[in-house]
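This report concerns the predicted model shown below. An overview comes before the local detail.

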Amino acid sequence: MNPSLFQFVLNSSIQNELQNQAEAELPFEERAKNFAKTTAELTPFIGDAITAKEAYDYFENNQPVMGSLMAGAAVLPFAPQIVKGVARKGKQFLESPVMETPRNVLNQTASNMPTTIKGFYEGNPIGSFARDFTNEIAGAIDTRLSATSRAFQDVWGISERKVQDVLGKGSAPAVRTLDDAKRKADILRESGLTKEADAVMEQGRKDATKTGEDSAFTAMSIEGQQGKTIIPVEERGAFANSVYGTEYTARAIPQDDVVKLGDEIGNGNRLAGSLIPDSVTNRMVNHLVKGPHVDSKSSDIYEYQVKGLDASRTAGIKESEGFRNGSMLVRAFNKGDSENTITVFDSYIKALRGKKGGTDLTPEESIEFLQLASTLNKRNVDQINRAMFKASQMTDRQMLDSLAKARYYQREGKNLTAKQNNLVKVFEDLVRGGQINLNRITDEAGNQVGNLDFSKIKKPKGNVATSSYFLSQQKELGGVNQAMVMDIKNKTNYTMISDGHDIFGEAPLGGHHLITAQPITKRKWGETGFKTQHKTTATKEKIQASVADTAERLGVELPAKLKTGDFKDLGTYRRAAKAWTDDLLRKKQGVTVGQQHMDAASESARKLKVAQNAIGTTATVGATGMLINEMSNDE
């Protein structure tokens with residue numbers, strides 16, 4: 001693959017064509033049709049002997065729209081209105097039999113991509129994805145053309161390129177991050193700024209470590225999604241069945257197995273004395289199987305897996321219970337022992353009930369605060385700050401504190417400060433104008449009980465529930481949904497983190513959806529600090545079974561100490577098991593190239609050569625694949 005040619009075709013031809021059509025204000029269907037024709041004439045699909053004429057004929061004969069023959073799945077650095085409507089039809093086209101080889105290349109490219117995409121959550125998701133996707137195209141083609149790479153993926157279940165991401169080697173983002181830091185540090189040293197250069201390198205090392213975090217979880221999730229049906233875990237590769245997989249409590253749960261799912265997120269892995277009521281568990285299960293991660297109108301398959309809260313540097317525990325991390329929805333109520341500020345909820349109660357505070361709120365007051373806390377996600381906070389013009393910018397915590405109190409003071413007829421007046425007006429104007437959606441608060445009967453107008457907030461029947469989103473420190477999850485059930489009567493909150501593994505809302509081509517959930521946590525109002533609520537996920541027995549499985553699959557001898565688990569503590573045992581597994585990955589242990597791998601690689605090479613000869617140059621990757629959905633609460 002010639003990157004410069006790819007960029008030329010992508011930027012000069014496709015984007016310009018779309019811009020011209022958009023400026024001409026052509027109807028959507030006409031733009032889509034013209035785009036398919038123009039791009040088909042430019043670039044046949046890579047790796048398949050399909051000419052531009054055949055591709056366009058396929059489109060003309062009422063087959064699904066080819067979509068945007070672009071950098072590949074989900075890469076659309078242009079107007080969103082061109083995307084909508086084309087995306088799913090383009091995916092259908094890619095899933096047709098004629099497109100098997102390019103579909104494999106696209107999926108391979110997505111599988112090889114790094115877990116951490118720089119800039120993805122900083123306001124440029126499409127462009128950032130496009131950049132990293134483009135970087136992986138050549139490697140994906142090499143994977144399909146290499147018998148050894150095919151054999152490796154057959155044994156381990158993940159690509160050699162993804163292993164670099166997991167181990168932080170080769171061309172992984174961690175290596176690029178460190179190289180970038182070194183270049184900057186060298187420039188500083190040449191200028192005599194040794195201290196500053198050392199600081200840059202230290203920060204570079206920290207950033208490099210973070211870029212590779214949780215890549216193992218991404219790799220296992222991608223493998224699990226590849227089939228049209230759910231693949232039993234034991235039928236997946238050596239990596240999914242290694243020690244890395246022990247940090248899930250369960251995988252391969254079908255959408256209709258609500259009993260199993262409820263047990264895994266509810267009381268199945270909880271310690272005694274902190275059980276979750278069945279009504280709460282059932283509500284959270286319903287959120288997973290019918291909520292924001294699921295397209296209720298689709299017949300797509302959804303698979304579920306439950307990840308332990310003690311995985312990913314215990315980030316799940318902190319985020320689930322709101323200790324400096326997690327959504328504003330949870331952080332508004334909770335704080336850890338080391339956090340010396342009062343919670344926003346405590347501050348709100350004191351404003352309503354005086355210095356003595358307490359937790360004696362009416363249902364309406366509780367719902368009022370809950371809907372504000374859930375609505376003030378990062379996007380809405382940024383929007384409100386922008387709309388307040390010259391007023392000083394507020395953090396989400398400051399905004400919730402000020403807004404909740406100001407709305408109460410307004411109801412009580414008290415005078416507001418100019419800043420409070422401005423904040424209340426901007427917030428309510430944005431809600432009424434539709435720029436901000438007030439998060440739904442529903443009771444156990446399914447009634448919407450929240451309202452912008454406090455006098456219209458309804459008394460709930462039983463517990464109330466809502467959800468919000470935030471950017472998780474668990475790298476493979478990214479932007480996650482955080483659901484909360486509030487038991488107003490017993491002054492207790494229950495929360496759960498979940499995330500859909502997709503690319504802009506779409507599953508892999510020819511694959512299925514995968515949703516990760518974490519167990520429900522329970523917190524009393526006013527409770528400080530936290531106690532462990534769940535059993536350890538990666539137990540000694542699970543680690544022993546996993547290393548034995550790895551040794552058997554690869555035909556290697558299992559070290560005696562790993563077999564017995566004779567280590568000073570569980571953490572040391574897990575790290576030793578991972579180090580042993582990493583060494584096997586580096587050495588490509590257990591990989592034997594068979595005739596089937598050589599034949600498959602040769603066939604891919606033949607098809608690629610046909611495509612190259614047909615166009616006279618290297619063809620570029622096409623398709624829309626996994627494209628853009630409107631970002632919602634599970635973004």
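A contact means heavy atoms within 4.5 Å. In the protein, residues 24 or more positions apart account for 69% of the contacts with a separation of 6 or more. The model is predicted, so that local features need pLDDT of at least 70 and side-chain atom pairs count only at pLDDT 80 or more, while totals for chains, interfaces and linings use all residues. Residues are numbered from 1 along each chain as its sequence is written, and side-chain values use heavy atoms, with hydrogens and water left out.

The protein holds 25 helices and eight strands; these are DSSP runs (H or I, at least four residues, for helices; E, at least two, for strands), numbered from the N terminus. Of its 635 residues, 54% are buried, that is, under 20% relative accessible area with a 1.4 Å probe, protein chains only.

Strand 7 (residues 513–517) is largely enclosed by the rest of the structure, because five of its five residues are buried. On one side lie His513, Ile515 and Ala517, on the other Leu514 and Thr516. Its pairings, each requiring at least two DSSP bridges, are tabulated here.

| Partner of strand 7 | Sense | Bridges |
|---|---|---|
| Strand 2 (residues 302–307) | parallel | five bridges |
| Strand 6 (residues 492–501) | antiparallel | four bridges |

Tyrosine 302 stands opposite histidine 513, and serine 498 opposite alanine 517.

Glutamate 365 is found in helix 18 (residues 363–375). Glutamate 365 counts as buried because its relative accessibility is 10%. Its side chain reaches the backbone nitrogen of threonine 362 at 3.0 Å. Leaving aside residues up to four places away in sequence, glutamate 365 touches Tyr348, Leu352, Arg353 and Phe454.

Technical notes:
Buried means under 20% relative accessible area, exposed over 50%, partly exposed in between (1.4 Å probe, protein chains only). A polar contact is a pair of N or O atoms within 3.5 Å; within protein, one must be able to donate a hydrogen and the other to accept it, and residues adjacent in sequence count only if both atoms are side-chain atoms.
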